[in-house]
Amino acid sequence: MSLIRNFQVAGGTIFGRDHRMVGKNNHDALAIVQTDDAIIGLVCDGCGSGLHSEVGAKIGAQLIANMLLANIQRLGPTVKDFCAEIPFPYWERTRQDVLAQLRVLVQGMGGSFSQTVNDYFLFTTVGFLILPQYTTVFSIGDGMYILNNGFNEIGPFPNNAPPYLSYGLVDSSLGDEHPELLKWQIHRQLANEHVDQILIGTDGVIDLANAHDRHLPGKDALVGPLSQFWTKDIFFSNRDAIRRRLWLANRENVALDRERQCLVKSPALLADDTTLVVARRTPLEGS
């Protein structure tokens, strides 16, 4: 029986208007892992100036999720009894394990090591880890999170240059000046009994939040608040529902205005790639 069976989790991603206009891929990625005693949600955002940042974001999301889970399992049965902070060595070991895997990948690709990192493997990460007793929100880089309706923006950083986990593989001015930013930033830890919902997102979700009172392109309905993603059951019962909702906000619509006898264009609302993962606590059966 799951020790955290009263949590539901879902996610979705869509490429931004700006990327679509120039023929680029979605540089965002997400990962969701759910086991009997852990739920992991992650969103990653590839560096905009990287040639193939979507590669690192997708690989990184899966690597981080798997390493978080593997290291939780290495902690043994005590994980079920955690009612305080997870020890720092867990977070640092996870970071080092992910960097080790990325180092092997970069070396195997050949060419300049630093150039390959810059082209493929620069990405930000925002995540949550739900254990039987406690929920933790963490990040390296920018993005956002909501915990129990409280909206929190992570960043922006000076010169619009967020830290990337993969800076741990190469020399960088940020690593020299602020090495602490290249390690996991723990934003919140809260007992699960006090967690009603949590939403994490790439920085594109900030634009989605700001567009809440605008009409979906070509429709009478409004974009709506971010709270829809944890209050509406459809987003948990249909695994594609979040992506479809994001697509409705980011499609370009052209319709005939019969009164003026002209075509009216409704632009897509999300300039940046937009990705979110949401979890909510539900009553246990019989409670």
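A search through the whole structure turns up 1 cavity of 30 Å³ or more. A cavity here is a set of points, on a 1 Å grid over the protein atoms alone, where a 1.4 Å probe fits but cannot get out. This is a predicted model, in which local features need pLDDT of at least 70 and side-chain atom pairs count only at pLDDT 80 or more, while totals for chains, interfaces and linings use all residues. Residues are numbered from 1 along each chain as its sequence is written, and side-chain values use heavy atoms, with hydrogens and water left out.

So what lines the largest cavity? You'll find Leu-208, Leu-216, Val-223, Gln-228, Phe-229, Arg-245, Leu-246 and Ala-249 around it, each with an atom within 4 Å of a point. Two or more of these residues come from each of helix H7 (228-231) and helix H9 (241-249), where a helix is a DSSP run of H or I with at least four residues. H9 gives the most, with 3 residues. The volume of the largest cavity is about 40 Å³, counted as the space filled by probe spheres set on the grid points.

Now hop over to Thr-136, which sits in strand E5 (residues 134-140); a strand is a DSSP run of E with at least two residues. Is Thr-136 buried or exposed? It counts as buried because its relative accessibility is 2%, and buried means under 20% relative accessible area with a 1.4 Å probe, protein chains only.

Leaving out residues up to four places away in sequence, Thr-136 touches Trp-91, Gly-127, Phe-128, Leu-129, Ile-186, Arg-188 and Gln-189, with touching taken as heavy atoms within 4.5 Å.

Definitions and conventions
1 Å grid on protein atoms, 1.4 Å probe; cavity = no way out; pocket = protein on both sides within 12 Å on 5 of 7 lines; lining within 4 Å. Buried < 20%, exposed > 50% of the residue type's maximum accessible area, 1.4 Å probe, protein only.
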